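Please view the sequence and the structure shown here before reading on.

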Amino acid sequence: MEGLKNLMEDNVERTINKLLPTMPHICSCNDCKLDMATYALNRLQPKYARTSKGSILHRFDTASPQVEAEILSVVIAAMELIGGHPHHPPLNPATPAGKDQPQQ
């Protein structure tokens with residue numbers, strides 16, 4: 001529906017992009033990142049907003065250590081699961097993870 005935004009998507013994307021560089025053994029191709037985000041978002045409570053005011057209130061809501069820890073925990077689980085079982089053939093081992101896109 002136009003005008004609605006699940007603001008949890010931004011938190012999950014930010015967390016994935018922050019953690020992936022610290023985990024070179026995890027594939028960082030776009031398909032794997034989308035699989036990780038899908039896994040995480042299906043396990044976290046959505047936070048919808050319709051206005052910029054709602055977006056600001058959401059930032060306060062997710063700033064708590066408990067919410068941040070939940071997001072981090074779910075994203076790490078997603079990264080470990082997807083990284084261990086990507087939905088594409090292994091990438092070229094001579095190429096760092098995510099630099100060589102899988103052939104389709």
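## Report on the predicted model

Lys-47 is found in the loop between H2 and strand S2 (48-49), where helices (H or I, at least four residues) and strands (E, at least two) are DSSP runs, numbered from the N terminus. At 22% relative accessibility, Lys-47 counts as partly exposed; buried means under 20% relative accessible area, exposed over 50%, and partly exposed in between (1.4 Å probe, protein chains only). The loop between H2 and S2 also holds Gln-45, and Gln-45 is exposed, with a relative accessible area of 56%.

The model is predicted: local features need pLDDT of at least 70, side-chain atom pairs count only at pLDDT 80 or more, and totals for chains, interfaces and linings use all residues. Residues are numbered from 1 along each chain as its sequence is written, and side-chain values use heavy atoms, with hydrogens and water left out.

**Overall organisation.** The protein has 4 helices and 2 strands, and from the N terminus on its elements run β-α-α-β-α-α. Of its 104 residues, 32% count as buried. Among the contacts in the protein with a separation of 6 or more, 78% come from residues 24 or more positions apart; a contact means heavy atoms within 4.5 Å.

**Individual residues and distances.** His-88 lies in the segment after helix H4 (65-84) and is buried, with a relative accessible area of 13%. Leu-34 has its place in helix H2 and counts as partly exposed at 48% relative accessibility.

| Pair | Apart in sequence | C-alpha to C-alpha |
|---|---|---|
| His-88 and Cys-32 | 56 residues | 8.8 Å |
| Lys-47 and Asn-6 | 41 residues | 5.3 Å |
| Gln-45 and Ile-71 | 26 residues | 9.8 Å |
| Leu-34 and Glu-13 | 21 residues | 9.0 Å |

**The second largest pocket.** Both Leu-34 and Glu-13 are among the residues that line the second largest pocket. On a 1 Å grid over the protein atoms alone, a pocket is an open set of points where a 1.4 Å probe fits, with protein on both sides within 12 Å along at least five of seven lines; lining residues have an atom within 4 Å of a point. H1 gives the most, with 6 residues. By class, the lining has 5 nonpolar, 2 polar and 5 charged residues; Ala, Val, Leu, Ile, Met, Phe, Trp, Tyr, Cys and Pro count as nonpolar, Asp, Glu, Lys and Arg as charged, and the others, Gly among them, as polar.

**Aromatic rings.** Arg-43 lies over the face of Tyr-39, at 3.6 Å from the ring centre. A charge sits over a ring if NZ of Lys or CZ of Arg is within 6 Å of the ring centre and within 35 degrees of the ring normal.
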